[in-house]
Amino acid sequence: METSTDYDELGTRLHQFKNKGRNATEQTRRRKEFHVKLRKAKKDDQILERRHVQTLQEEPTSSPQVSGLLPQQYPLQEILAGVNSENREDQFLATQAVRKILSRDNQPPIDRIISAGLIQKFVSFLGLFECPPIQFEAAWVLTNIASGNPAQMNAVVVGGGIPGFIRLASSSYLKIREQAIWALGSIAGDGPDCRDLVIKHGGHGFVVALVESPDLSTFPLAFIRNITWTLSNLCRHTDRPPPLEAVKRMLPALVRLLHHNDKEVLSGACWAVSYLTSGSNERIEVVVQTGLVPRLVQLLSCGEHSILAPALRSLGNIVTGTNEQTQCVLNAGALAVFPALLCHRKSNIQKEAAWAVSNITSGKATQIQEVIDAGLIPLLVQILQQADYKTQLEAVWAVINLTKVGTLNQVSYLYRCNVLGPLFNLLTVKDDTIILIILEAISNILQMAESVGEGEKVCLMIEKLGDLEKIEALQFHSNESVYKYSNTIIDRFFSGQNEDEFGIPEANPDHCVFHAPDNQSTFQF
Amino acid sequence: MAKRIADKELTDRNWDQEDEGEEAGTFSIASEDVLKNRAIKKAKRRNPGAEGDGGAAFRGFKGFSAAPSAIPAPFSGFGKAGSFEGFGLTNGGSKALYTGVSSATVGLTFNGPYVPPTADITTRQTNGSSPSPTQSNKEYRRQLTALNCSVRDWITKHVNDNPLCDLNPIFRDYERHLSSIEQQHGGGEAADGGSETPPPSAALFSFSRTTSEDLAQKVSGTAPVASGITFNFGQKVDSSVLGSLRSKSAASSFSFSSSSQTSLFGAPGPAALPPFGGTKPDEAADENGDEESEEPPKPEVKEVKEDDAFYSKKCKLFYKKEAEFKEKGVGTLHLKNTSDGKIQMIIRADTNLGNILLNIIVQHSMPCSRVGKNNVMVVCVPNPPVHDKNPSGPVPLLIRVKTDEDADELHKLLEERKG
C-alpha cells in the first residue's frame with residue numbers, strides 16, 4: 001500500500017495548488033482545468049439556460065471564504081435529483097456542480113458524495129458516449145474522488161471506475177482521453193494491487209495505443225507528459241513488479257518515449273525504465289533486449305539532473321545482472337561518462353556511479369580492464385580519500401571486488417595507484433562489515449604480491465605508511481571476527497615466524513605476546 | 001559473482017532528497033573481559049626506523065584511554081616518545097627515535113608521487129613543523145652520531161672477520177653520507193619537508209661492500225644506532241651473492257629483484273623505493289650459522305643471574321602434550337652442582353621476572369637423547385608441572401638450543417654428569 005505521502009501528493013496535484021510550479025505536472029493540471037473550464041463555459045451557454053445551482057464555485061482555486069462549507073449550503077438534494085433524472089441536461093449540470101465543489105482546494109466533501117451513493121452513478125455516466133460533456137464531468141469528478149485517501153480511491157475502484165475509464169479510450173475527444181489517462185495513472189500509482197487491476201482490465205493497452213498512435217507528435221505536450229506519467233506508474237512498485245507480459249507490451253512504448261525530446265517525458269520514461277530494471281535478471285533481460293541501453297547511456301550526458309538520476313539508476317540496475325547484461329552497458333560506452341559522474345558535485349550521483357563500478361568490477365577480468373582503461377581507478381582512490389561516506393563505501397566494494405576477480409596485473413595496478421593508504425584510513429569506521437571487507441582486500445593484495453615474491457615490498461610499504469598500527473589496533477575491536485582477521489593478517493604477513501633464531505619451529509601457533517607487559521623478549525620469536 | 005543490488009528504491013518522488021548523512025563513525029573496542037582473553041600479536045617491523053606515521057590516524061582515538069592496564073605497552077605509544085621500549089630498538093634509542101618521527105598524517109604520503117616516509121624521518125622535524133635552525137642542528141648531530149656509530153660497527157665487524165679487508169669503499173661512502181647530512185642539516189639550514197623527492201640514496205644510507213668477497217654480505221637494516229635512524233651496510237643488490245644466501249627460499253623477494261622482470265608491486269612515483277636488497281633486515285639464520293652480528297639488538301632485559309652454574313645456555317623449552325610439542329618458553333638453561341653431587345637443571349625465562357620454566361634434579365635414569373639438528377630431549381617429571389591432569393607423570397621435554405654444537409655439548413654434559 002502506498003504511504004500517505006503518495007496520496008497526499010496526488011491530492012496536492014489536484015486540489016491544493018499550494019506549491020506553485022512544484023512540479024510541472026501540477027502546472028499541467030491547473031492549465032488543464034482552466035482550459036476545460038473555458039470550454040465548458042462555452043458549452044454551458046450552448047446547452048443550458050441559466051439555472052444555476054446555488055453555492056456553485058466558479059473557480060477551482062477559490063478563496064478560503066468558503067472554508068468549512070456547511071452541509072446545508074450545498075444542495076445535495078438538488079444534486080441527487082439532477083443526477084437521477086432522465087434529463088441529460090440536468091444530469092450534466094448536477095455532475096458539473098459536484099465537480100466544481102470537489103475541485104475546491106479546501107476540504108472537498110468527498111465522503112459526503114460517496115456516502116450519498118453517487119459513485120455508481122458517475123461511473124455509469126462515463127459510458128454516455130452520446131453526451132461527451134457528461135462523460136468529461138463525470139471523469140473529472142471520479143478523478144477527484146480517487147485522488148483522496150486510500151479509502152476514497154478504493155470506493156472508485158470498487159464502483160467499477162477502472163473499466164469505466166478504460167472505455168473512454170474510444171472517445172474522440174482528446175480531453176476526455178487525457179482525463180481518463182490521468183485517472184488511471186492516479187489509480188495505478190496507488191500501489192501494486194491497483195496497478196495490477198488496471199493492467200488486468202487492459203489499462204496498459206490504452207496507454208500503449210496512445211503512444212503508438214501516429215498522432216503522438218500532434219498531441220499537446222501536456223498530454224504526452226500525462227501519458228508518460230501514467231506509463232511509469234504502471235511500471236512502479238518494484239517489490240511486486242507488474243506481470244511480465246504487461247511489461248513486454250509496455251516496453252516498446254517506453255522506448256519511443258525515450259527518444260522524445262521533452263525533459264519531463266524523458267525523465268518519466270527513465271524512471272519507468274529504472275523501475276523495470278530493478279528486478280530479476282529475467283526482467284533486466286527483457287529491458288536490455290529492446291536495445292534501449294545505448295539511449296540510456298546517451299542520456300547520461302544530457303546535463304539534466306532529473307534525467308541523469310533515473311538513467312544512471314537504470315544502468316546501475318542492469319549491471320547487477322549477468323555478465324552479458326553488464327557487457328551491454330559497457331559496449332554502449334557508458335564508462336566514458338563515468339569520470340564525470342565519479343566527480344559529480346552531487347554526492348548521490350557519485351555514489352550511484354561508484355556502486356555501478358563496484359558491480360562491474362565484480363564481473364569478469366575483461367570488464368575490470370575496461371574500468372581500468374577508462375581511467376576510473378585513480379578516481380576511486382580519490383573517493384576513498386575524500387568523499388561522502390556512502391560513496392566511499394561503494395568505492396571500497398569496487399576495490400575489493402577487483403582484488404577478487406582481477407588478474408595479477410590488475411591488482412598490482414590497483415596497488416600502484418596508491419589504494420592502500422586511503423583504504424587503511426577507513427579502518428576506523430563503525431561498520432564491522434566494511435572493516436572486514438577492507439581487511440580482505442588488503443589480504444588479497446598481499447597474497448597476490450606474495451605469489452610473485454613481492455610480498456615483502458607490500459609489507460614494507462604498509463609499514464612505511466605507518467599502517468601496521470591500524471591492523472594491530474583492530475585486535476581490540478569489539479567484533480570477534482575483526483579481531484581474528486587482523487590477528488591472522490599479522491600472523492601471516494607480519495610475524496617473525498621464519499626468524500626464530502633456533503630454527504624453524506614445530507607445531508606451534510603461539511608466537512604471541514600476551515598482555516603481561518614484561519613479556520617483551522618474546523617479540524623476537 | 002558478487003553483484004549487489006541497490007540498497008534503496010529510487011523513485012521520482014524521493015530522488016531529490018538529500019540522503020540522511022550516514023556517518024563513518026568509529027569502531028567500538030571490546031570490553032576488558034574479552035580483551036583479557038585475547039592473544040594480541042605485534043606486527044614485525046622490517047624497518048625499525050619507519051614507525052609512527054600511522055599513529056596520526058589513531059591519535060584521537062579515545063578507546064585506548066580507558067583502561068591503561070589493559071593496553072599493552074606498544075599501543076600506548078602512538079607518536080609519543082619513549083613508549084616503544086619493548087620493540088627491539090637500541091638501548092635508550094627509543095626516545096630519540098620518536099622525536100624524529102614525522103607526525104604528518106598518512107594522507108600526506110599520497111598527495112603526490114609516492115614518497116617513502118623514511119625520507120620524512122630524515123628531512124622533517126618534530127611535529128612536522130618547519131625546522132628551525134636549532135632543531136636542524138639537533139638533527140644534524142643526531143644524524144652524524146648515527147653515521148659514525150654505523151661506520152664504527154661496520155668496521156669493527158668486518159675487520160674482526162677479516163683484518164685484511166680494504167676499507168676504502170667505506171670511507172668513500174662515509175664521505176658521501178657526511179656531505180649529504182651537511183647539506184640537509186648542517187649550518188642551520190632548513191631542510192624542509194618540501195623536499196618531496198629526496199635522492200633515493202638519502203632515504204636509506206647504504207654502503208658499498210668492500211672488495212673482500214668472502215664476507216657474508218648480509219644486508220641488515222638494523223645496525224644499532226643511537227639515534228634510531230637506519231643505516232644500511234651491504235652491497236647494492238648483487239644477484240650472485242644474494243643468490244647464495246637465499247638459495248633455499250623460493251619465495252624470497254631477493255630472487256625477484258635480481259631477475260630482470262619489472263617489479264609489479266614497486267612503488268609508483270619518482271622516489272621509488274631503493275632496491276629492496278638494501279633495506280631488508282635479514283634476521284634469519286643463514287647457512288653459515290653466523291647470525292649473531294646481524295641481528296637486531298635485543299631489548300635491554302635484566303636477566304636474573306645464576307651464579308655457580310657451570311653451564312648456561314640460551315634455549316627454548318617445549319613439552320609434549322598429546323601428539324605434539326608445545327612451547328613452554330624461552331630462557332636460559334643453567335646446570336649447577338648440588339651438594340649431594342647431582343646436577344640441577346634450571347631453566348629461567350628471559351624476562352624481567354625470570355620465572356622458572358624448569359627446575360629439576362637430573363636423575364641417573366633420566367632419558368636424554370639428541371634429536372634433530374639442535375635439540376636435546378629429556379623425559380622427566382617436570383617442575384613446575386606442565387599438566388594439571390597428571391602432575392606427577394613423566395613428560396618428554398624438548399630443549400632447543402641455537403646450534404648443533406650447542407646441542408651436542410648439552411647432551412654430552414647431561415649424559416656425563418647425570419650420575
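Select B:Arg45 to begin: at 5% relative accessibility, this residue counts as buried. The model on display is predicted.

**First stop: B:Arg45**

B:Arg45 belongs to the loop of chain B that runs between α1 (32-36) and α2 (55-58). Show its side chain and look for A:Glu472, whose side chain makes a polar contact with that of B:Arg45 at 2.5 Å. What does the side chain of B:Arg45 reach at 2.8 Å? It is the backbone oxygen of B:Ala43.

**Second stop: a hairpin in chain B**

Select residues 343-349 of chain B, which form strand β5, together with residues 356-362 of chain B, which form strand β6. The two strands pair in the antiparallel sense, over six bridges. To follow one of the pairings, select B:Met345, whose bridge partner in β6(B) is B:Ile360. Six residues lie between the strands of this hairpin, and there B:Gly354 takes a positive phi near 65 degrees.

Over all chains, the count of aromatic pairs comes to seven. Select A:Trp271 and A:Tyr275: their ring centres are 6.3 Å apart and their planes stand at 25 degrees, so the pair is stacked. The limit for stacking is planes under 30 degrees apart. Both residues belong to helix α15 (residues 263-276) of chain A, and because they are four residues apart there, about one helical turn separates them.

Next, select A:Tyr415 and B:Phe265, whose ring centres are 5.3 Å apart with planes at 55 degrees, so the pair is tilted. This pair crosses between chains: A:Tyr415 is in helix α25 (residues 408-416) of chain A, while B:Phe265 is in the loop between α9 (253-258) and β3 (309-321) of chain B. A:Tyr415 is buried, with a relative accessible area of 3%, and B:Phe265 counts as buried at 1%.

In chain A, select A:Arg99 and A:Trp140. A:Arg99 lies over the face of A:Trp140, at 4.0 Å from the ring centre. In chain B, select B:Arg417 and B:Phe310. The charged end of B:Arg417 sits over the ring of B:Phe310, 4.4 Å from its centre.

Select helix α6 (residues 118-125) of chain A, in which the buried residues are A:Leu118, A:Ile119, A:Phe122, A:Val123 and A:Phe125. Turn the view to look down the axis of α6(A): the buried residues fall within an arc of 155 degrees, so they line one face of the helix. Which helices do the buried residues of α6(A) pack against? The partners, in chain A, are α3 (76-84), α4 (88-103), α5 (110-115), α7 (132-146), α8 (150-158) and α9 (161-167).

Now select helix α12 (residues 203-212) of chain A. Eight of its ten residues are buried, so this helix is largely enclosed by the rest of the structure. Among the buried residues of α12(A) are A:Gly203, A:His204, A:Phe206 and A:Leu210. The buried residues of α12(A) pack against α9, α10 (174-188), α11 (192-200), α13 and α14 of chain A.

**Last stop: backbone details in loops**

Select B:Asn383 and B:Pro384, which are joined by a cis peptide bond with omega of about 0 degrees. B:Pro384 is located in the loop between β8 (375-380) and β9 (395-400) of chain B.

Move to A:His237, in the loop between α13 (221-235) and α14 (244-258) of chain A. Although A:His237 is not a glycine, it has a positive phi of about 70 degrees. A:His237 is buried, with a relative accessible area of 8%.

Finish at A:Asn418, which is found in the loop between α25 and α26 (420-425) of chain A. Its phi is near 65 degrees, a positive value in a residue other than glycine. At 13% relative accessibility, A:Asn418 counts as buried, because buried means under 20% relative accessible area.

How values were computed:
Residues are numbered from 1 along each chain as its sequence is written. Chains are lettered from A and ligands numbered from 1 in the order in which they are written. This is a predicted model: local features need pLDDT of at least 70, side-chain atom pairs count only at pLDDT 80 or more; totals for chains, interfaces and linings use all residues. Side-chain values use heavy atoms; hydrogens and water are left out. Buried means under 20% relative accessible area, exposed over 50%, partly exposed in between (1.4 Å probe, protein chains only). A polar contact is a pair of N or O atoms within 3.5 Å; within protein, one must be able to donate a hydrogen and the other to accept it, and residues adjacent in sequence count only if both atoms are side-chain atoms. Two strands pair if DSSP finds at least two bridges between them. Rings of Phe, Tyr and Trp (its six-membered ring) pair if their centres lie within 6.5 Å; planes under 30 degrees apart count as stacked, over 60 as edge-to-face and the rest as tilted. A charge sits over a ring if NZ of Lys or CZ of Arg is within 6 Å of the ring centre and within 35 degrees of the ring normal. The arc is that of the directions from the helix axis to the C-beta atoms. Contact means heavy atoms within 4.5 Å.
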